[in-house]
Structures are given as C-alpha cells and as structure tokens.
There are 2 protein chains.
Amino acid sequence: MAAKTPKKQARGAQESEQRKLGENAEQKSPAKDRLVGLGTQLTAQLAKGQQPTIEIPVRSLSNVEFNEDTQKLGIGEKTSERQFFNVAHAKKFLQTIEVAAIAKTQLLDSGKHASLRDVFYMAKRTIPGTKTNVVDDQRESDKALEDLELITGFSREQLHINANKMGSVAGRVVIEDSGDTIDWSRLGSGGWSIPSNVEEITFRKVDAKYVIYMEKQAVWERLHEDRFWQKQNCIIVTSQGQTTRGIRRLLQRLSVEHKLPIYVLTDNDPWGIYIYSVIKYGSISLAHMSEGLAISGVKFLGVTCDDVEDYKLERHYITLTDQDIARLKQMQEYEWFKDNPAWQRQFKMMLKAKAKVEIQSLSARGITFISDTYLPEKIKKAEYIE
Amino acid sequence: MAAKTPKKQARGAQESEQRKLGENAEQKSPAKDRLVGLGTQLTAQLAKGQQPTIEIPVRSLSNVEFNEDTQKLGIGEKTSERQFFNVAHAKKFLQTIEVAAIAKTQLLDSGKHASLRDVFYMAKRTIPGTKTNVVDDQRESDKALEDLELITGFSREQLHINANKMGSVAGRVVIEDSGDTIDWSRLGSGGWSIPSNVEEITFRKVDAKYVIYMEKQAVWERLHEDRFWQKQNCIIVTSQGQTTRGIRRLLQRLSVEHKLPIYVLTDNDPWGIYIYSVIKYGSISLAHMSEGLAISGVKFLGVTCDDVEDYKLERHYITLTDQDIARLKQMQEYEWFKDNPAWQRQFKMMLKAKAKVEIQSLSARGITFISDTYLPEKIKKAEYIE
C-alpha cells in the first residue's frame, strides 16, 4: 500500500505478507504477533510487581489534526496512560484486553472474522463472582476496538473484525479471493458484491484507466447496463449512501497498488461533498485510521454547481434545508477546504442558489445521457474538482 | 394487478416467454404489446368521439383483501374509472399515460432499464403552453406506475423500471445473466451482488436443497465464511433490513421454478416477523403485486421465542419499546396470523417476556455456533414456524 511515513510502510509490509499467506493467515499473522506482544508486555509488568499500563494516543476532537503534509486527518501527539489499578480506568482497561483476547483467540487463531455486533455479544459476559458485564452496550466494545487499533497499529479488518458489507463493483479486473478467481467483467447485471473486508483479496489483472465511485446503486446500474466500464475502460464501484470501510480500502488499494485515479460521483448537495471529503481526507470519528483509509488525489467529478449551469439542470433544483445550509457553512471552514479556492467557489455557488440537484436529474435529458454524454465529456475535459 | 388464478398463469407464461427471448426482449415483449394495446384502445376511443377512459382496480386499504385460498394479500373487486375529460382525473390520467409512454418508448424499445427516480425526472417535463409539470413529486410518478401495474398486469420490473438494488447470494447455482455465466459458488468472500431486477436471469444449474434468506448482511458473511451453503447444500441470500423486490422475486423464482423450500432467518423482534410476513403474504402497500411477489410455503426458521429458552439467550434480552408492543398487537390481529396458533403463541411469549433478542446474540456461544449448531439443529428437527 502506501508511501511517505515509516508507520505507513510498516503497514504496507504487514499487509502484503498477510495476503501472501492467504489461507494460512490464521497460523501466522503480524496482527496476532502484535496482540501476543501486548499480552506479554502486560504480564511482564505484573510479574515485576508493576501496574499493568497501556499508553494510548488521545482520540478526542482536541487531538484530531489535519496533517498538511499527508493531506489527511490524523491523531496528534497527545497520549494518555490507561492503568489497571485505577478506578477510573479499570473497566476500559478490561474491555480493551477483552476485545484483544477475542481478536486473538476466537478470530485470528481460527482464521475467522466477526462483525462489530458479534464482538459485542462475545464480550458481553459476566465477570466471574460479580453481577457486572464486561460490556453492556455495543458503544463500549466499539470504543475498545478503536483503542486497540491505535495501540496495535492494525485496523479492525486486520484484527478480523469487519464493518458493514455493502456495494457492487464491475470492470476489467480479475481478483483472487478465498481460493476463487473472480472476473469483475463477467458477473451479469449484478456485479461482484463487495465484502466488508478486502484485506485478503489479490489483484491478478487490472485493465482499467480509472475508477468511478458513485454514491447511488441506481446510478451504478445505469452505467453498468450501458457497459460504461467496458467502453471507457474503467472500474465502477458503488455502495449506497455513506461509503463503507471495505469500499474505502478497496478504492485505496486500487489507487496505491495500481496507480488508478479515483473519481467520486455524487449528488450536488452537502452530503455528496462530505462523501468525497471522507474518502479523500478521512473522517473525524475515524481520524486515527485515516492513514489506512484516506486516499490523496481523489477527484470530485460531479455533480458540480458548474454542471448545473452547463447541463441546464436548474429546473430540477431542490431547495436547501436549514440543515443543508448549516452543513455547507461548517464544511467551508474545514481546514482542508478553507484555503481551496475551487471548493470555496462551489460552496458559495450552492449557498447563493440555495438549492441542490440530484445526479438522476440528468435522466431528464434521456436515459443514457449520463453514460453517453455527461461522464465522457467531463472526463475528456478533465472537469473535476480537487 | 390481477385476479386469482387465470391471470397468474398468464403471468407465468409471459415471464418464461420473456426470458426465452433473452437479449431480444427489447424487440418484442408482451409488456410492450400490452402498452401498445392500451394506447390503441385510448386512440380508438378518441377516434369514435368517446371520452378516453381507463378502468383501474381501487388500491385503497378498503379494497385490500387477504385471499384465504391463495394465502396472499390482494386487491378486491372494486374498480374505478379514470376519465380524461374530468377535472378530478385529468392530471392522474396524463401521469399514467406519461409513465406508460416512458416505459414503452424510452425503456422497452431500447431494452434499457431505469430506476423509479429516473422515471420521475423523465416525467417531470412542463406541459407545452402551460407552467404545469406533468409530475412535481416522485410520489406522483410512483403512484402512476403502480396504477400501470394494475392496468397492464405487468410488474414494474417487466416494464423495465427497477426498485432498489441490494443484497448478496451464494450457493451451488449457475445462472446466465446479460450474456455471462455466473457460478454463485465461486465468488470469493463477496458473493454475487443481486440486481434490482431478476426477471431476465436464467437458472442453468440449481444444486441445493433449500434457501435461507436472512435479514442481516453480517449473518450472511458469518455463514458464508463457514461455507455453510456448501456443507448444508443450500443457498444463502441476504439484503439488509427490508427485503427488496428483486430479492423477493429471486426467492419466488427459486421456490416456484425449482421447488426449493425458503426459510427466513431474522432477529426475534416485531420487525423480523414482519419481514417474514411480507415475503410470505405480501405487503399492504404493494397488495396489488402480491401474486407476483408473495411466496406461499415460506417458513420462519428463527430466532423464535422458543429458541431464546432452548439456547439460553435470555441474558441478551432487549426490552421491547412501546412501538414494538403496538406493532406486535397489530400483527396479532392480521387476518393471516389471527387464526394461526403457532404465531399467536409466539406473539404472546414475546409480549410476556416484554423483550426481543438479536440473532447475533448467538455469537456469545462462539463465533461459529450459528453455523455448526443452531441452524443444523433447527433444520434437522424441522423447528420452524409456518
């Protein structure tokens, strides 16, 4: 995967090794080694009569920073210690170790994967001799897992804990996954269903010039039926609404490992711009994972406020809600947008029009207008926003 | 759409003919013939100086009936006339004809498909010489399309208008779709992404004893990773939440064309039971399409209130909300549940416990407990509710 900082190179090495191991990933994995290392460290502290202590970078908003060099959101320098013999820390300490134990013993050891919800139920056991559960609410096990990502430097997917499964992909790409060879260009009208975890897939052949990620499944079905990926030699990817972590990692791997430009295609509204923002810069809530998920160089293909004029979509304007306006004003101030004239111009145009436009309004120009005219023109003229 | 038996056979015939036509469906299709017939009828009325009139079965709740014979929700005998020269009818009349024209000219003629949202934008044109749009809101074009389903006896999918795309499938099945041959058993961890419209897929090989449809993608990933479909020789299907029309038709085709039993697997809560209810009996809002979508003989596999006791899931109880309780009481009174002692017993048990249980609570018993123990036991003992 990715370049620049040492941490990132380490992650890349881990990943390619993990993928090479393939089916045997359960016998040996760097993530497992790291968890065992963590356990060894804690038992060593105990053996020496020391207090078991973990150092964790602070994840509160005050420690979320935009890194100008990497152009990604990240966690700052502040760290805190979590001590076992501390009334304020003991339960969180236990929860973190419990989730580490589940990842190691129940998942990595067996080569199995689990969902966040599964992990919650696995951790929800009563502490012997008490009436207290290790966790009572999924938010607790989720937080413990996020801490574990920070402590170990491994993503939850590498710890075999999966987020949501969503979305479809098509294009001239052949992959290997779980022992199957899968040709993304030969999967009928449905396409390949993207798994929640794409860490272990191997790209065998990637014959494409770029990737379009779109917010809406219906737009994907439009482009797929029109064989857009075949005519344009690209890869088309969709989730539905917010982009899943699995899809973000899939896009990142295509960007980093195959140097493919990634274009984002959404409605012309604050939500669409935020989808782009998260894919490119990372999200505030998962800032600690931005290095593993954010993709520099992603371009916003549309629908832009200029498109609304160029393609005469004004008659399909939908008035901005108060919430939309507040969201736009908030995004105008984001560090990664505030010195970007192209984006500032878009924000101003949308606020001035007080209106948003859906991508499917292009259908008013004809059912295949998006495939035959809009997208080829935009790509040919390099009309995107960065 | 339509009446009880004869028309249903007609639909079956239409479908298999349409599938045989395959790639040439755009040149000749029974759905297109029916739309042309509708237009011819209206122009003939005009030529004779008669008022253009369409007869439409009434779709209001008062005309939704549960048919004891077919065990499906359906539309009763009440019909109404829609007349063009009637101030109260003119706009709806126009909207229905507009949607019919879009389906015929822009979709069936070209062999293309569109989403409901696309059709809305295509219909949202200004009537020449006026400032009035044919439709201003998607609800209008959706309603017009539902009327058109009733008038023509063809589903929106047969008219090439697709609902949502969602969900994944795996199993020992080979299909043909859009010129590709797709083996559902060789698609890695992702599976085949189910399209919004499955009318034109052809089953080439179906080597499975039954189908499990599950509400949650995460449960599907669990069973898929455990190769449950391979060990049990079954097909596993999921959407996420409410079942899409595409998946309901896929299940129906597997049930009707391949005589496979269909099992439904959801949380133990009112929403899960309602998912089962819609798949089996049809939904009130789409009662006119129940014949094309509902699947008699579907069985509810779990999680049942008995499972909660048998598998000791009480410690994972989640208290029912007031809304849950109201929903359960409403379902108790549904015609298709009220004389069913097995379901009445379930409702009473859930109301007595005042609690629901999630399927993923089985993970507390071990990550593969659901695949290794729970489901094999349930199926072996035929512990399902009908």
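1. Two strands are taken to pair if DSSP finds at least two bridges between them, and on that basis strand E8 (residues 173-177) of chain A and E9(A) pair in the antiparallel sense over four bridges. Helices (H or I, at least four residues) and strands (E, at least two) are DSSP runs, numbered from the N terminus. Within this pair, A:Val174 has A:Asp183 of E9(A) opposite it.

2. On provenance, this is a predicted model, in which local features need pLDDT of at least 70 and side-chain atom pairs count only at pLDDT 80 or more, while totals for chains, interfaces and linings use all residues. Residues are numbered from 1 along each chain as its sequence is written, and chains are lettered from A and ligands numbered from 1 in the order in which they are written.

3. The pair in chain A belongs to an open sheet of three strands, in the order E9-E8-E11, with antiparallel pairing. At its edges are strand E9 (180-183) and strand E11 (202-206) of chain A, each of which pairs on one side only. The twist from one strand to the next averages 20°, where axes are lines fitted to C-alpha atoms, for helices over the stretch in contact, and angles run from 0 to 180 degrees between N-to-C directions.

4. Chain B also has an open sheet of three strands, with the order E9-E8-E11 and antiparallel pairing. Strand E9 (180-183) and strand E11 (202-206) of chain B each have a single partner strand, so one side of each is left without a neighbour in the sheet. Here strand E8 (residues 173-177) of chain B is joined to E9(B) by four bridges in the antiparallel sense, and B:Asp177 has B:Asp180 in E9(B) as its bridge partner.

5. The largest nonpolar core holds 161 residues, and those that touch the most other members are A:Val211, A:Ile236, B:Val211 and B:Ile236. Such a core is a set of buried Ala, Val, Leu, Ile, Met, Phe, Trp, Tyr and Cys residues joined through C-beta atoms within 7 Å. Helix H3 (residues 90-108) of chain A gives the most to this core, namely eight residues. There is also a second, separate core of 25 residues, which includes B:Ala100, B:Leu107, B:Met122 and B:Ala144.

6. Two residues are counted as in contact if their C-beta atoms, placed from the backbone, lie within 7 Å. Leaving aside residues up to four places away in sequence, B:Ile236 touches a set of residues including B:Val169, B:Trp220, B:Phe228 and B:Trp229.

7. The contact between the chains takes 41 residues from chain A and 41 residues from chain B. On the side of chain A that touches chain B, strand E5 (114-115), helix H4 (116-123), E9, strand E10 (192-193) and helix H6 (217-225) each supply at least two residues. That side divides into 12 nonpolar, 19 polar and 10 charged residues, with Ala, Val, Leu, Ile, Met, Phe, Trp, Tyr, Cys and Pro counted as nonpolar, Asp, Glu, Lys and Arg as charged, and the others, Gly among them, as polar. Because 100% of the interface residues of chain A are also interface residues in chain B, the copies meet through the same surface.

8. B:Phe84 lies in the loop between strand E4 (79-83) and helix H3 (90-108) of chain B. B:Phe84 is partly exposed, with 16 other C-beta atoms within 10 Å; a residue is buried if 20 or more other C-beta atoms lie within 10 Å of its own, exposed if 12 or fewer, and partly exposed in between, with C-beta atoms placed from the backbone. Its separation from B:Thr53 is 31 residues in sequence and 6.4 Å in space, C-alpha to C-alpha.
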